[in-house]
Amino acid sequence: MSSLRKIHVTTGVSWVEAPEVGLYVLCGCPADSVKHLMRRGLIVETEADGVFFETGPNAILLSDVMVQNGAFCNLAEFPVLQMLYRQGMIIPGHPNNKGAKPLLIGRREQVDAQMRYIHRGNYGLLSRDEMVAAGTTPETADELMAMKLAFAFGAILHPADLIDSLTVADSPVTLPGGVILRRLGLNRYLFELGADSIEVDLNLPPGITYEPPYTLGNHRIDRSYFSVIHVGEGDGWDPNRPCMSSIVVFQGKIYLIDAGPNLQYSLTSLGIGINEVEGVFHTHCHDDHFAGLTTLMRADKRIKYFATPLVCASVKKKLAALLTIEESDFADYFDIHDLAFDEWNNIDGLEVKPILSPHPVETSILMFRALWENGYRTYAHWADIASRETLSRMVTSEGGPGISRDFYERVIADYSAPADIKKIDAGGGMIHGQAEDFRDDASRKIVLAHVARSLTVEEKRIGSGAPFATAEVLISGSQDFIWSSAFQLLAAYFPKTPRHDLRLLINCPIAVCNPETILLHPDHLVDQIHLLVTGAVEMIEDTSHVSGVLSAGALIGEMAALEGAPAGKTYRAISFVQSLMIPGDLYREFVRRNGLLDEVMTHAERRNFLRATWLCAEALTETTLHNLAKGLTAREYPAGVDVRTGGSLAFLRSGTAELMSGGHSIESLGPGAFWGEESALFATPPLFRARGREPIQVYLSAPDVARHVPVMRWKLLECHKRRVNADIGEGGRANGRGLRWREEYGVNVQRFDHHHRNLIMRANAAVEAIACGDGRADVDHAFEDLFGYASFHFGEEERLLEATGASWLGEHRVKHARLLEQISELERRYRGRGPESAGELAAQLAEWVVGHIVADDRRTASFLNAKGIY
């Protein structure tokens with residue numbers, strides 16, 4: 001019998017166990033991985049010494065990359081909590097507390113990121129200073145920190161106090177019980193015990209993403225005047241239901257409350273496309289309310305983000321830790337709107353009042369209202385709350401951890417505020433509410449949520465349930481908001497067209513298509529154009545096999561109808577879909593009479609090309625696609641010529657090419673591929689260039705266009721991380737020249753680690769230019785690129801040190817000036833020398849880059865870490 005066993009859990013997740021030595025490894029931990037383990041019977045309830053607790057993993061193997069196909073790969077918060085509390089590994093006197101800690105295994109970058117993210121997930125903002133920096137008063141910050149410390153049993157612990165970690169590089173490592181783990185390549189690992197071995201591959205195939213643990217079916221929802229749609233009554237431990245969340249519909253607009261795991265699946269089940277989401281109201285940063293943020297980052301626009309400054313600050317810090325991005329990058333994906341505590345904030349007629357709720361992290365419960373006859377209609381969303389019993393135990397008059405009696409009374413009064421509908425967290429335990437506290441609540445209707453178990457008889461007497469997609473209409477609508485949405489989409493696409501002509505198109509019928517219905521066949525002539533208003537449609541490119549998901553604003557079949565041609569692609573409804581059905585002949589006449597034909601047709605080929613690329617196939621409206629197409633410049637290049645984007649984002653229109661870093665190919669490119677993403681993301685000189693294997697045609701786009709489209713920016717970031725890894729990670733630099741990034745180069749400040757990778761790549765490019773005997777112009781360009789990026793990096797360091805009051809900043813500036821002079825000296829020394837000098841240059845540049853990291857930036861990083869900057 002084998003000493004090792006592997007079980008397929010779900011897409012991208014496996015279980016490896018060695019029962020003889022007591023090792024149970026969760027391999028891959030995307031959202032809801034705990035729920036998948038429960039459904040597979042790998043987490044079950046057991047009993048020892050009269051104590052009931054759960055079984056489960058005691059180690060987690062992390063993905064080498066944080067994002068695959070747009071979804072988070074590593075969300076270890078809930079698996080770690082399951083080990084610590086539901087298995088009892090941390091509970092004093094528990095039969096399963098045997099002194100071992102949960103073990104995180106993976107690449108150093110991912111392990112460090114998970115530690116920082118779990119730290120933020122446990123505590124949110126970590127200090128009084130962080131709270132004050134987020135805009136609260138020092139007095140309120142003191143009060144909140146005392147409360148936070150009470151939840152934390154008196155001390156904010158570093159994750160290393162609770163979790164063990166083991167980093168995997170190029171050499172095998174030994175796991176508990178003597179199991180050997182070898183890294184075979186990107187996301188590929190080999191477990192060995194004695195003569196037995198098992199391989200695990202955590203890579204997702206192209207176009208495939210992680211699966212939800214439950215099924216929701218398909219639903220049609222009304223876009224009413226003011227209503228609430230219940231889309232989650234479970235919690236992070238309920239394998240059968242989504243986590244507690246709701247949707248508020250106001251004047252036909254869709255507003256989410258929180259963004260839990262598998263959000264895309266929930267939206268699709270409801271017939272809501274990502275571009276229909278007007279905004280998200282955020283209560284707090286725990287994963288069961290946070291993990292769906294990446295879904296909202298894959299929209300055509302920056303979705304509005306509504307939260308108090310305290311909640312927003314904790315969310316930004318957690319997301320930055322998770323993705324190793326800057327906190328300021330949050331504003332690139334979301335349109336941030338601060339909400340004032342304890343005040344009615346007017347959001348285009350919908351009013352919302354955030355109220356402080358005691359919780360381990362910064363948390364706001366939310367009251368919504370809209371004006372109607374005889375006063376306001378109200379909805380209260382109480383997630384997450386604490387029970388009266390818990391809060392009463394925290395009351396103290398001694399100072400230190402706890403809350404004052406006055407604080408307690410204010411919270412109880414806030415929780416008791418009546419509403420037409422009040423949805424409450426009734427999860428119980430140390431940090432959640434109790435239904436019993438609302439037995440005498442004056443609200444018209446109580447809905448119990450945030451529970452993973454069946455309700456008790458007493459709870460059923462207190463509150464109602466709300467299955468997925470249940471709607472509560474607070475103010476009925478007497479107008480059809482679908483038509484209004486269709487008109488706004490047309491007006492955005494044709495901004496200069498007279499409104500009366502747009503009303504000509506709006507007079508066309510709205511059709512409802514069932515899920516899995518084919519709207520257009522590739523070989524059929526198009527006589528009806530679909531303006532997608534609600535829902536999601538899959539576009540399947542028959543030649544390139546690119547599949548994209550279209551949302552509100554897509555004009556399906558437009559070009560084919562104008563040309564009297566077949567659709568050329570398959571368009572298939574994923575959810576219930578509502579679309580404005582415009583006859584082809586009417587649309588042709590509309591375009592002709594408004595003088596739009598030349599403009600539309602001129603960019604038709606480019607729009608079709610863009611829509612068929614991976615980068616542009618998802619969620620883009622016709623307006624965005626049209627603006628992208630207008631900004632393209634066509635170029636042609638002979639075979640063997642290096643194409644430098646010059647700061648543009650480049651698309652390969654025809655032909656094949658190699659993506660080069662120095663003289664090193666890191667990727668083969670075909671039609672629809674792109675490069676120059678670093679210019680679009682970071683406004684820095686491009687790292688890579690394309691070299692045609694044959695004559696090629698290229699489209700160049702201004703980088704700022706893609707930079708401001710969240711879904712494109714998100715894909716560019718995912719691609720950039722993959723390419724950097726391919727260049728200087730494992731498998732990179734196969735010819736042996738140049739530097740590779742090593743785990744020990746990390747300095748524990750995200751932005752600096754990113755900069756250092758870029759410095760290594762640019763240093764390698766200079767070495768390659770010499771080694772390959774490139775001309776003087778190419779050598780000069782490589783050194784100029786290295787010098788420019790080093791200047792940028794040093795400037796960022798100095799700016800941050802100045803902002804944090806480093807007393808040795810002047811000394812650091814002198815070192816930076818000396819380092820820049822050394823690059824100039826190396827360029828002068830090696831200009832005109834032959835390939836034989838490449839090894840010597842590589843050694844000197846390695847000493848320059850690594851010496852800077854070890855000698856200078858480790859000191860800088862330690863100083864910044866002490867200031868809470870990672």
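Predicted model: local features only at pLDDT ≥ 70, side-chain atom pairs only at ≥ 80, totals over all residues.
How many of the 16 residues of α3 are buried?

Residues are numbered from 1 along each chain as its sequence is written, and side-chain values use heavy atoms, with hydrogens and water left out.

Back to α3. Of its 16 residues, 13 are buried, so the helix is largely enclosed by the rest of the structure. Buried here means under 20% relative accessible area, exposed is over 50%, and partly exposed is in between, with a 1.4 Å probe and protein chains only. Helices (H or I, at least four residues) and strands (E, at least two) are DSSP runs numbered from the N terminus. From first C-alpha to last, α3 reaches 23 Å, close to the 22 Å expected at 1.5 Å a residue; the expected span is 1.5 Å times one less than the number of residues. Just after α3, G124 takes a positive phi of about 70 degrees.

Now the sheet beside that helix. It is an open sheet of six strands in the order β1-β2-β3-β6-β9-β10, with mixed pairing. Two strands pair if DSSP finds at least two bridges between them. At the edges are β1 (5–10) and β10 (164–167), each pairing on one side only. On average, neighbouring strands of this sheet are turned by 20 degrees against each other, direction ignored. For angles in general, axes are lines fitted to C-alpha atoms, for helices over the stretch in contact, and values run from 0 to 180 degrees between N-to-C directions.

Strand β9 (residues 103–106) pairs with β10 in the parallel sense over four bridges. Helix α3 (residues 108–123) packs on the sheet and touches β9 and β10, its direction making about 145 degrees with that of β9. Contact means heavy atoms within 4.5 Å. Helix α2 lies across β3 (23–27), β6 (59–61) and β9, and runs at about 165 degrees to β6.

Next, a hairpin. Strands β4 (residues 45–48) and β5 run antiparallel and are joined by four bridges. A48 stands opposite V51 in β5. The hairpin has two residues between the strands, and D49 takes a positive phi near 55 degrees.

The side chains of R86 and E54 meet at 2.9 Å, N to O. R86 is in helix α2 (residues 77–86) and E54 in strand β5 (residues 51–54), 32 residues apart. R86 is partly exposed at 28% relative accessible area, whereas E54 is buried at 13%.

The whole structure has 56 salt bridges. Another one joins E233 to K423, with the closest N and O atoms 3.1 Å apart. E233 sits in the loop between β15 (226–232) and β16 (245–250), and K423 in strand β25 (residues 421–425), 190 residues apart. Both ends are buried: E233 at 4% relative accessibility and K423 at 0%.

Six bridges join β15 to β16, which run antiparallel, and G232 stands opposite S245 in β16.

Last, the cores. A nonpolar core is a set of buried Ala, Val, Leu, Ile, Met, Phe, Trp, Tyr and Cys residues joined through side-chain atoms within 4.5 Å. Which residues have the most contacts inside the largest one? They are I247, L296 and F651, in a core of 98 residues. Its largest share, eight residues, comes from helix α9 (residues 309–323). A second, separate core of 62 residues includes L669, F688, A769 and I869. In soluble globular proteins, nonpolar side chains tend to be buried together.

Methods
Salt bridge = Lys/Arg side-chain N within 4 Å of Asp/Glu carboxyl O.
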